[in-house]
Amino acid sequence: MIPYTVSPELEARIVTWRRHLHQHPELSFQEHRTSAYVEQQLRDLSFFMVTRPTPTSVLAVLQTGRPGQVALLRADMDALPIQEENEVSYVSQVPGVMHACGHDGHTAMMLGAAQALGEHQAELCGEVRFIFQHAEETPPGGAAELVAQGLLSGVDYALGAHLWAAGPSGHIGIGSGPQTAAPDRFDLHIKGQGGHAAMPHQTVDPVVVAAQVISAFQSIVSRTVDPLESAVVSVTQLDAGSAYNVIPDEVRLQGTVRTFAAEVRRDIPQRMQRLLDGISSGFGASATFEYVLGYPSVVNDTALTGAVRAVAVKIFGEEQVLNIAPSMAGEDFAYFSERVPACFFSVGSGNPARGITFPHHHPRFDIDEPALKTGTALFVNTVLTLNARPQETP
Ligand code: NI
């Protein structure tokens, strides 16, 4: 029945799941204990057909036996190489590894949704697939692998969520169209000719070339991208030299490009290559350029997002549902949204009154745990709405 509300018992279970996962974080593609734990919880619930599509992912399928839509609900499970600095009872027990992005919360919210929908399956038609995905944080990511294996076959719609540190706890952030950027990466080497710092005329100084290249890259977004489009070009790593009086042979630059539109994404590396080649050859240096495509952009389907938003407004009230601006972060849920109508929403998890203010990927990131039931409730109510069993006519 809608609106479904999370019972205090289920909320306590969700928090227990989250804290267990938080204490035992694992990095991308290494989620062995995590996936075993999730699999066990799902088997204990006994509503599902549980399989392991890859060594560290878990799929639970709820078959109602009645014709209807196939829903895919996704949670990611991986942690980050960060040393936790929180002082909480459920602090990470793994040195140098931490759930600093909230994927522990995503998994717990989804286990809660699985239990609730299992208990309410008499009200449903069609099929619900719960995918507990590995490796969101590290390209090529787990989503692409699952898609290649046929996870989306027959799927009518996909839902996913991310906790949102900047969002007030208990609020939902949702929007149509592009939600996350395509996070690409570049790696370039400028080769000059090193020598004595006091005799630069006998060298080709790659540091000076690199400085020109970095400056020129700043003109790509400002001068070549349509001002109504968004893009970022950031040089973030610069390795050169090892002594104050030696001009090095080579400089290495790395960084990231973030875009939304496909044409912008296609054009920027071409501009970079031209600037790099032109500047390097002008100085008598040579350069190599490697550009690695990251995840595509998550794009929310307009109709599905409208439906999810309507459910959110119905259960939480208009003032708890916020329009959210697209983020320059990347997210491999994009591989689902590329192929099926999808909606990826944010669940506010910040609570300044409790000191929960640190951003994602920070050693003191934490989530306001009461927010978890908000995410669970939205997943459950959306599926109860979109996969509602037709009323029998008397
Ligand atoms: Ni994340």
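**Why these labels apply: nickel site, sheet and domains**

Tutor: In this predicted model, the nickel ion has C101 (SG), H103 (NE2) and H162 (NE2) as its protein donors, at 2.2 to 2.3 Å.

Student: What makes these atoms donors of the nickel ion?

Tutor: The cut-off is 2.8 Å for N, O and S atoms. The atoms of C101, H103 and H162 lie 2.2 to 2.3 Å from the nickel ion, so they count as donors under that cut-off. Water is not among the atoms, so the site may look incomplete.

Student: What spacing do the donors follow along the chain?

Tutor: The pattern is C-x1-H-x58-H.

Student: Why is strand 4 called mostly covered?

Tutor: Strand 4 spans residues 127–133, and seven of its seven residues are buried.

Student: How do you know which faces of strand 4 are covered?

Tutor: In a regular strand the side chains alternate between the two faces of the sheet, so each face is checked separately. On one side of strand 4, E127, R129, I131 and Q133 are buried.

Student: What joins strand 3 to strand 4?

Tutor: Seven bridges do, and strand 3 (residues 70–76) runs parallel to strand 4. A71 stands opposite V128 in strand 4, and A75 stands opposite F132. Between strand 3 and strand 4 the chain passes through helix 3 (residues 103–119).

Student: Why is that β-α-β crossover called right-handed?

Tutor: The strands are viewed pointing away, and a clockwise path from the first strand over the helix to the second makes the crossover right-handed. The path from strand 3 through helix 3 to strand 4 is classed as right-handed, so on that view it runs clockwise.

Student: How do you know that strand 5 has pairing partners?

Tutor: Strand 3 and strand 5 share four bridges in the parallel sense, with L73 set against L159 of strand 5. Strand 5 is also joined to strand 16 by eight bridges, again running parallel. There G160 has F344 of strand 16 as its partner.

Student: Why is strand 5 called mostly covered?

Tutor: Ten of its twelve residues are buried.

Student: What is the strand order of the sheet, and what kind of pairing does it have?

Tutor: The order is 1-2-4-3-5-16-6-15 in an open sheet of eight strands, and the pairing is mixed.

Student: Why do strand 1 and strand 15 stand at the edges?

Tutor: Strand 1 (49–51) and strand 15 (321–323) each have a single partner strand, so one side of each is without a neighbour in the sheet. On average, neighbouring strands of the sheet are turned by 25 degrees against each other, direction ignored.

Student: What makes helix 7 pack on the sheet?

Tutor: Contact means heavy atoms within 4.5 Å. Helix 7 (residues 302–316) touches strand 5, strand 6, strand 15 and strand 16, and its direction makes about 35 degrees with that of strand 16. Helix 9 (residues 371–386) packs on the sheet too, touching strand 3, strand 4, strand 5, strand 6 and strand 16. The direction of helix 9 makes about 155 degrees with that of strand 5.

Student: What makes A135 stand out in its phi?

Tutor: Phi of A135 is near 50 degrees, a positive value in a residue other than glycine. A135 lies in the loop between strand 4 and helix 4 and, at 0% relative accessibility, is buried. That loop also holds P140, which a cis peptide bond joins to P139, with omega about 10 degrees.

Student: Which residues belong to domain 1 and domain 2?

Tutor: Domain 1 covers 8–179 + 296–386, and domain 2 covers 182–292. Their centres are 38 Å apart, taken over C-alpha atoms. The contact takes nine residues from domain 1 and eight residues from domain 2.

Definitions and conventions. Residues are numbered from 1 along each chain as its sequence is written. This is a predicted model: local features need pLDDT of at least 70, side-chain atom pairs count only at pLDDT 80 or more; totals for chains, interfaces and linings use all residues. Side-chain values use heavy atoms; hydrogens and water are left out. Donors are N, O and S atoms within 2.8 Å of the metal (3.2 Å for Na, K and Ca); water is not among the atoms, so sites may look incomplete. Buried means under 20% relative accessible area, exposed over 50%, partly exposed in between (1.4 Å probe, protein chains only). Helices (H or I, at least four residues) and strands (E, at least two) are DSSP runs, numbered from the N terminus. Two strands pair if DSSP finds at least two bridges between them. Axes are lines fitted to C-alpha atoms, for helices over the stretch in contact, and angles run from 0 to 180 degrees between N-to-C directions. Domain bounds come from an automatic or database domain assignment.
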